[in-house]
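I opened this model to look up loops, strands, rings and a pocket. My entries follow in the order I made them.

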Amino acid sequence: MLGTGAATTITITITITTTGTYYLCSEAVDEFAPGFPALPGPAKLLAPGWFAGRLLDPEGELPMFYAFQWADEGGHLVGGLSDPMPVRFEADGTLRLP
């Protein structure tokens, strides 16, 4: 059981016009804070054309990103797993791939 209080309902609306890996940012919160943090903005596109992306060692010195490729230049499903790609965290929380 996650909590002992009343249930909390969270609604997140995302309009996606480009296939890819998106992410959401929140203000910094204590790891034991109850509930879900406020999201000050919409989802941001990190990697167009790559889906099911994950970060490896996001708090380490060299965080890496990997994902499955959606399609090749001809529009055919590829589905292969990428090599890890370096990712950079900007001061405002934005993620950047080279």
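Entry 1, S82. I looked up S82 and found it in the loop between β4 and β5. Strands here are DSSP runs of E with at least two residues, helices are runs of H or I with at least four, and both are numbered from the N terminus. S82 is buried, at a relative accessible area of 12%; buried means under 20%, exposed over 50%, and partly exposed in between, with a 1.4 Å probe and protein chains only. Not counting residues up to four places away in sequence, I list W50, F65, Y66 and A67 as touching S82, where contact means heavy atoms within 4.5 Å.

The model is predicted: local features need pLDDT of at least 70, side-chain atom pairs count only at pLDDT 80 or more, and totals for chains, interfaces and linings use all residues. Residues are numbered from 1 along each chain as its sequence is written, and side-chain values use heavy atoms, with hydrogens and water left out.

Entry 3, the sheet. I traced an open sheet of three strands in the order β3-β4-β5, with antiparallel pairing; two strands pair if DSSP finds at least two bridges between them. β3 (50-56) and β5 (85-86) are the edge strands, each pairing on one side only. β4 (residues 64-69) is joined to β5 by two bridges. I looked up M64 and found P86 as its bridge partner in β5.

I noted P63 as buried, with a relative accessible area of 7%. Leaving aside neighbours within four places in sequence, P63 is in contact with L56, D57, P58, M85, P86, V87 and F89. The C-alpha atoms of P63 and P86 are separated by 6.1 Å, although the two are 23 residues apart along the chain.

I searched the whole structure and got two aromatic pairs. Rings of Phe, Tyr and Trp (its six-membered ring) pair if their centres lie within 6.5 Å; planes under 30 degrees apart count as stacked, over 60 as edge-to-face and the rest as tilted. F51 and W70 make an edge-to-face pair, 5.1 Å centre to centre with 85° between the planes. This pair links distant parts of the chain, F51 in strand β3 and W70 in the loop between β4 and β5, 19 residues apart. F51 is partly exposed at 26%, and W70 is partly exposed at 41%. Ring pairs link F51, F68 and W70 into a cluster.

Most residues other than glycine have a negative phi. I found A52, not a glycine, with a positive phi of about 55°. A52 lies in strand β3 and counts as partly exposed at 39% relative accessibility. D57, also not a glycine, has a positive phi of about 55° and is placed in the loop between β3 and β4.

Entry 7, the pocket. I recorded a volume of about 160 Å³ for the largest pocket. Its lining consists of Y23, L24, C25, L55, P58, E59, F89, G93 and L95. On a 1 Å grid over the protein atoms alone, a pocket is an open set of points where a 1.4 Å probe fits, with protein on both sides within 12 Å along at least five of seven lines; lining residues have an atom within 4 Å of a point. Grid points are joined across faces, edges and corners, and a volume is the space filled by probe spheres set on the points.
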